[in-house]
Amino acid sequence: MSLNIFDVVNKIKSKVYKQITRWKRRRLHELANKIPGFRGLPFIGEIHKFSNLQLMDYTKKLMSYCENDNKITKAWFGPLLVILTENADCIHTILNSSHSLHKPSLFYNAFYMDRGLLAGNGEEYDRHRKILNKSFTVKLVQKLVPTFNEKSKTCVEKLKKNLNCDEFDAFEYVGTCTLESFSTGQLNYHEDLYDSNFMKYIDLTRPLIMKRMFSPWYNFKPLYKLSSLCKKLDEYFKILMENIENIKKSHFESSEGIHKDIVINLLMDKNNNFSEEELKDELITFIFAGHEATAISLSSAVLMLAIHQDVQKRVIDEINEIVGSTEEIDYELLSNLPYMEMVIKESLRLFPAGGILGRQTTDEMEIGGYKVPKGTALILSIFGMQRSAKYWGYDAHLFRPERFESENLKNVHPFAFEPFSGGKRVCIGIKYAMAFMKTFLINFLRAYKISSTLKFEDLTLDMVPTLIISQKYMIKIENRT
Ligand code: HEM
C-alpha cells in the first residue's frame, strides 16, 4: 500500500496533536496535584455532590469549598479543573491579571448573551467595552440625574397606594423604577413599565437562567436543547426580544435631542458596526447585569434602613441638612452624602448582588503561591470574602455602616471589598448605579418613614443568579411628615 504526501502529513499532524494533548493533560495534572483541595471520584470529580441540590444549596456548597485555611482550593468537575477562593489577595491577583480575563463558558453560557460585555471575551469584548464606556462617564451620568430624579418621584407616587397598609415587597417598585430609569435615560424608551409584560418576563426568566447555569450537564448543548428548560427559556426570551424590538423601533422613530453617547445610540450607530446579534446580546446584558444588580442592591439598602431605625434617622438627618427640600437634585449634591454612601457600601458588603464571580485562565498563572494551569475555571467568592471575620473583624456579620469611615477602614485589607468586581472587567456602571441609588433614597426617604418586621439575624439568601434575600424586601411605609 502506498502513502501519498498528504496522508503522511496528516498522520504526522495527528501524532503531534495527540502528543500535545497528552503533554497538556500531564502538565494539568502535574500542577493540579500540588494545589490543595478535593480529588473527587474518577472521571466525574465532584459533580455527583451537586446533583439534585436546590439552587441556593448548590451555591452554598460551592462557597463551602473555600471555607478553609487554604488560599485556594481545587475541585474537579469532570475533566474541568476548578479553583475556588475567598482570599482577598488571590481575588485581587485574578481580577487584575491579563491571564484570567475570560469568563468560563460553564457558567456564563446560560445567559443567552454570549457576545455581550458580561459573558464576551477577546477582541470583540475589547471593542464593545471601548465603545460602551462612553455611556457611563461621570459627564453622562451627570446628565442622567434629572431622569433618575423624575423616575424616583414617579415611584414615590405609585407607592402611595401602600401607605399605612401591610408590608409589601419593596423590590417590585424599586425594580421597575430602576428599569424605567435605564430605559428612559439610556435606551430612549419612554413606556410605563409598571405591570408591563417586560418586567413580568424578566422575573420569570431569572430563576431558569440560574437553573441552567448550575446544571453542568446542560453545558452539553444537544442535551440542553432537548430539555424542557430550553423550551421554556426560548419561549421567554422570544417575548423579551419582542420588547427589545420595540425599544429599537421607538429609538429609530424618534431620537431627536437625545445625548449621542447613550447606550442605544452607540449600539445603533452604523459607525460602531454592532451586528444584530451583538446588539441584542448587549441589551440583554444591560437588562440582566445592570438593572438587576442595581435593583437588588438598592432593595437591600432599603430593607437595611427599614430594619435599622437609628441608621435611617442618621440618613434622613443628612438628607435634610445637605439636600433640604430642593426638588432639583444634581450630581454634586449626590457626591456630598458621606453617611448615605457608607450605608450603601455596607449593604453591598453584606449583600453583594454578584456574590460569586467566574473567570478562566488563558495561560498558566500564579495564584496564592501555586501555579494554576491554562484552561482552569476560577470561582471567586466575593460573598465569603466580604463577610469574613479575617478581613472585617469579629462583627463582620453585622450591619454597621461606620466601618466604612476612613479611620476604621485603615484596619481593613485594601482588596477585601469588591462588590463591583475589579481590574479591567470591573462593572461598567458603578458611577451610574451609585448616583441612581442615592437619588432614589433621597426622594423615597423624604416622602416615607419605613419599617419592617423582618429581623436582620433571620435573613437568609438565595441566588437567582444574583444574590437576593429569601424573605424578600418586606417593608411598611408611612408618611414622613
Ligand atoms: C449596585 C449595582 C451594581 C452592582 C452591585 C454590579 C456588580 C457587578 C459585578 C460584580 C460585575 C462583574 C460580573 C462578573 O464578572 O461576572 C459587574 C459587571 C458588569 N456590570 Fe455591574 N453592577 C451594578 C450596576 C450596574 C449597572 C447600573 C450597569 C449598567 C447599566 C452594569 C453593567 C455591568 C456590565 C455591562 C458588566 C460587565 C462588565 C465587563 O465584563 O466588562 N452594572 N457588575
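This is a predicted model: local features need pLDDT of at least 70, side-chain atom pairs count only at pLDDT 80 or more; totals for chains, interfaces and linings use all residues.
Reader: Nice. Which residue of E2 stands opposite Ala75?

Author: Val82 in E2 stands opposite Ala75.

Reader: And what is the strand order in the sheet?

Author: The order is E1-E2-E7-E4, in an open sheet of four strands with mixed pairing. Strand E1 (73-77) and strand E4 (356-360) are the edge strands, each pairing on one side only.

Reader: How much are neighbouring strands turned against each other?

Author: On average by 25°, with direction ignored.

Reader: OK, and which helix packs on that sheet?

Author: Helix H3 (residues 88-96) does, touching E2, E4 and strand E7 (377-381). The direction of H3 makes about 130° with that of E7.

Reader: Changing topic: where does UniProt place the "binding site" feature?

Author: The UniProt record, an unreviewed entry, places "binding site" at Cys427.

Reader: Where does Cys427 lie?

Author: Cys427 is in the loop between helix H18 (406-409) and helix H19 (430-447).

Reader: Is Cys427 buried or exposed there?

Author: Cys427 is buried, because 22 other C-beta atoms lie within 10 Å, and the cut-off for buried is 20 or more.

Reader: Which residues does Cys427 touch, leaving out those up to four places away in sequence?

Author: With those left out, Cys427 touches Phe420 and Ser421.

Technical notes:
Residues are numbered from 1 along each chain as its sequence is written. Two strands pair if DSSP finds at least two bridges between them. Helices (H or I, at least four residues) and strands (E, at least two) are DSSP runs, numbered from the N terminus. Axes are lines fitted to C-alpha atoms, for helices over the stretch in contact, and angles run from 0 to 180 degrees between N-to-C directions. Two residues are in contact if their C-beta atoms, placed from the backbone, lie within 7 Å. UniProt positions are given in the numbering used here, feature names are shortened, and annotations may be inferred rather than shown by experiment. A residue is buried if 20 or more other C-beta atoms lie within 10 Å of its own, exposed if 12 or fewer, and partly exposed in between; C-beta atoms are placed from the backbone.
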